[in-house]
Amino acid sequence: MIFWETITQDISAQTQSSFSIVSSRPVGGGSINSAYRLVGDNQTYFVKYNVANKLTMFEAEAAGLVEIAKADVIKVPKPVCWGISGDSAYIVLEHIEFNPRPGFGSSVVELGRQLAAMHRITQSQYGWHRENTIGSTPQINHFDNSWISFWRDHRLGFQLRLAAENGFAQQLQRKGEKLQDSLAVFYENYVPDASLLHGDLWSGNYAIDAQGKPVIFDPAVYYGDREADIAMTELFGGFPVEFYRAYNENYAMDVGYNSRKTLYNLYHMLNHLNLFGSGYLSQCESMLDRLLSEV
Ligand code: ADP
């Protein structure tokens, strides 16, 4: 009870307009947190919560949403407030009414166009000014001038070390080390820009709103190779073909993308291994085998 009181007070304070809950209902579909839709007299909010030590995860999510919103090319939910109540951490976001049966077509074309525009927003170094999480795993964003060392150390290396701590040693580590030592092979004619990335762009993290506008949410923002975002769209189910066509028309992919795609998705697969266990081990190893066959 105190939990919801804290949240309503926080919403009222941040929006400077009194809010009280008329109805609430749980929302499914998330992979990490519990979520609720909170309806007041004339506002609706989306609340996610987890254990109290996840507050920094929510702070980073809010910062990521603000970073994408600043780019002003693609719709994201506005963060309202976040904090701790009792033994829970929470974040409150603008609630967006999603179209449950989107007619995709023009909306995913717009998503492709908008993501291309977002990827044209660049900075000079890879990384970001703060750490965040991928799922609930820490994601390290230390600035680096070299994309190869960024991906080797802060993406593959970090997940491989976690995997070793989780008991996935031997083969996986041996192959992982070999790949880390050979990364330059994948970048012989390619130096990516440091593009603003969503960072966790699987098909569960975009939707079409009631007006037909694409929305992306639940980001793991950093600046890096845009191919990492596109690779992830292909990882769990893929996006509609019109999305890829529109993206390419607006920002053509490099010819070497297909060989790097597995390199980028290996990071997410290792993260699944670390989060959800050995069911993902054989897939990690076969991705490593495929990549090592190219070096
Ligand atoms: P998690 O952090 O647990 O992965 P998500 O951020 O993916 O949770 O949210 C869970 C589900 O809630 C999403 O799949 C989506 O359907 C819905 N959702 C997410 N953000 C909003 C929002 N701002 N407004 C309305 N529904 C949302």
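Analyst: A pocket here is an open set of points on a 1 Å grid over the protein atoms alone, where a 1.4 Å probe fits, with protein on both sides within 12 Å along at least five of seven lines; lining residues have an atom within 4 Å of a point. The model is predicted: local features need pLDDT of at least 70, side-chain atom pairs count only at pLDDT 80 or more, and totals for chains, interfaces and linings use all residues. Residues are numbered from 1 along each chain as its sequence is written, and side-chain values use heavy atoms, without hydrogens and water.

The largest pocket is lined by 45 residues. Nearest its centre lie Gly30, Lys48, Asn205, Phe217 and Asp218. Its volume is about 890 Å³, counted as the space filled by probe spheres set on points joined across faces, edges and corners.

Now the lining by element. Helices (H or I, at least four residues) and strands (E, at least two) are DSSP runs, numbered from the N terminus. At least two lining residues come from each of β1 (23-27), β2 (34-39), β3 (44-51), α2 (55-71), β5 (88-94), β7 (132-134) and α8 (257-276). The largest share, five residues, belongs to α8.

By type, the lining holds 21 nonpolar, 16 polar and eight charged residues. Ala, Val, Leu, Ile, Met, Phe, Trp, Tyr, Cys and Pro count as nonpolar, Asp, Glu, Lys and Arg as charged, and the others, Gly among them, as polar.

As for location, domain 1 (4-94) and domain 2 (106-292) both give residues to the lining, so the largest pocket lies between them. The domain bounds come from an automatic or database domain assignment.
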